[in-house]
Amino acid sequence: MAAEQQNAGHPPLEEQEISAPLEPVQIRGLEPSALPAAPPGFKSGFAALIGRPNVGKSTLMNALVGQKIAITSPVAQTTRNRLRGILSLPQAQIIWVDTPGIHKPLHRLGEILVHNAQAAIGSVDVVLFVVDGSVPAGRGDAFIAERIPATTPCILVCNKADLLKDAATRQAHQESYQALRPAAPVVWVSALDPGSLPPLIQVTVDLLPAGPYYYPPNLVTDQPERFIMAELIREQVLLHTREEVPHSVAVTIDQVEETPKVTRVLATLYVERDSQKGILIGKGGERLKQIGQAARLQIQKLIAGKVYLELFVKVRPHWRRSEHLLRDFGYRLET
Ligand code: GDP
Ligand code: MG
């Protein structure tokens with residue numbers, strides 16, 4: 001439905017205010033309740049997922065909270081914002097902190113992403129050092145291991161166990177990672193298989209301090225629904241385009257209008273060049289239509305209701321270098 005080229009049947013979006021301050025989390029159907037008192041022996045805290053791009057941090061975070069809140073794709077550097085996912089258990093609450101992969105920054109956006117990933121390391125109780133267990137450790141992993149303070153409790157999480165059947169290879173890969181953080185407990189998981197996760201959850205709880213509920217137990221993320229909508233649209237851009245386009249796109253949600261039958265969402269995709277706009281829209285608007293249709297299905301799952309989605313495309317030259325536009329698009333330095 002309705003992924004249309006700019007301004008078809010609508011007043012120019014230039015005339016509309018973009019991105020008013022967002023209300024706090026609303027994953028629908030899950031009304032935040034007051035914070036309950038923690039029972040005796042309750043443990044809680046923050047656990048950051050740190051690792052190279054593409055090792056599966058965001059996929060793992062979604063699996064750990066049982067709902068898609070972080071977008072994932074085979075394109076490196078999919079994740080741009082620090083995102084919290086909340087898992088509440090009878091005796092513990094774990095706040096997982098997904099981070100952009102740590103890499104060498106090439107522009108201001110990259111600098112902000114790497115800064116924020118590093119800031120996350122310093123502000124959590126536990127670091128999950130997530131690696132791709134299907135390949136041996138590389139220089140990127142060593143670079144990250146060096147940035148995890150020796151005093152920070154750390155779990156070595158070998159992901160993508162499903163890709164490795166051979167025990168000897170598995171052992172060899174594990175040893176290459178253990179060399180980077182010898183004292184860390186090792187847990188193998190497959191983010192694609194929720195049944196593989198309980199040991200990781202248990203080891204994480206073991207390392208958490210005694211503490212209170214930080215969030216209502218029925219909440220799965222601290223992000224507003226609009227943020228996740230924008231991310232679900234950006235995910236489809238990543239999956240439908242190639243090369244320089246994916247990294248040059250920012251998405252804003254300009255309007256969300258709820259009626260009893262349907263939720264109407266207007267969103268804008270910002271790119272840096274006219275050529276990228278052409279690629280996004282595609283011949284006769286075909287690609288933008290596909291992106292819109294796929295994103296609409298994802299957003300329908302998020303809000304558990306019918307969605308009418310309309311997409312607009314605009315050019316903002318060099319937005320990734322502009323402090324002011326980066327701020328408008330929600331990319332800030334975190335501490
Ligand atoms: P991130 O950059 O570390 O957040 O990685 P993503 O979560 O975006 O995942 C990168 C790619 O790896 C995606 O295509 C995922 O589907 C894939 N992936 C993640 N976890 C696993 C896993 O356990 N097994 C397999 N086979 N693929 C995975
Ligand atoms: Mg990610």
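Predicted model: local features only at pLDDT ≥ 70, side-chain atom pairs only at ≥ 80, totals over all residues.

User: How should I read a sheet, and in what order do the strands of the open sheet stand here?

Analyst: Strands of a sheet pair through backbone hydrogen bonds, either parallel or antiparallel. In this model three strands form an open sheet in the order 7-8-9, with mixed pairing. Strand 7 (250-258) and strand 9 (307-315) are the edge strands, and each of them pairs on one side only. On average, neighbouring strands of this sheet are turned by 20° against each other, direction ignored.

User: In which sense do strand 7 and strand 8 pair, and over how many bridges?

Analyst: Strand 7 and strand 8 (residues 263-271) pair in the antiparallel sense, over eight bridges. The two strands form a hairpin, with four residues between them.

User: Which strands does helix 6 lie across?

Analyst: Helix 6 (residues 225-240) lies across strand 7, strand 8 and strand 9, and runs at about 130° to strand 7. Helix 8 (residues 274-281) also packs on the sheet, where it touches strand 8 and strand 9. The direction of helix 8 makes about 155° with that of strand 9.

User: Now the helix pairs. At what angle do helix 6 and helix 9 pack, and how far apart are their axes?

Analyst: Two packed helices are described by the angle between their axes and the distance between the axes. For helix 6 and helix 9 (residues 286-303), the angle is about 140° and the axes are 9 Å apart. Their crossing is right-handed. On the helix 6 side, the residues in contact include Ile 228, Leu 232 and Gln 236, while those of helix 9 include Ile 291, Ala 295 and Ile 299. The residues of this contact divide into 11 nonpolar, four polar and two charged.

User: What are the angle and the axis distance for helix 8 and helix 9?

Analyst: Helix 8 and helix 9 pack at about 65°, with their axes 5 Å apart. Ile 279, Leu 280 and Ile 281 of helix 8 make the contact with Glu 286, Arg 287, Leu 288 and Ile 291 of helix 9. By class, five residues of this contact are nonpolar, none is polar and two are charged.

User: How much space lies in the second largest pocket, and which residues are the closest to its centre?

Analyst: The second largest pocket has about 390 Å³ of space. Of the 26 residues that line this pocket, Asn 54, Val 55, Gly 56, Thr 59 and Ser 73 are the closest to its centre. Helix 1 (residues 57-65) gives the largest share of the lining, three residues. Sorted by class, the lining has nine nonpolar, 13 polar and four charged residues.

How values were computed
Residues numbered from 1 in each chain as written. Chains lettered and ligands numbered in written order. Heavy atoms only, no water. Pairing = 2+ DSSP bridges. Axes fitted to C-alpha atoms, helices over the stretch in contact; angles between N-to-C directions. Contact = heavy atoms within 4.5 Å. 1 Å grid on protein atoms, 1.4 Å probe; cavity = no way out; pocket = protein on both sides within 12 Å on 5 of 7 lines; lining within 4 Å. Points joined across faces, edges and corners; volume = space filled by probe spheres on them. Nonpolar A, V, L, I, M, F, W, Y, C, P; charged D, E, K, R; others polar. Left-handed = near helix turned anticlockwise from the far one by under 90°.
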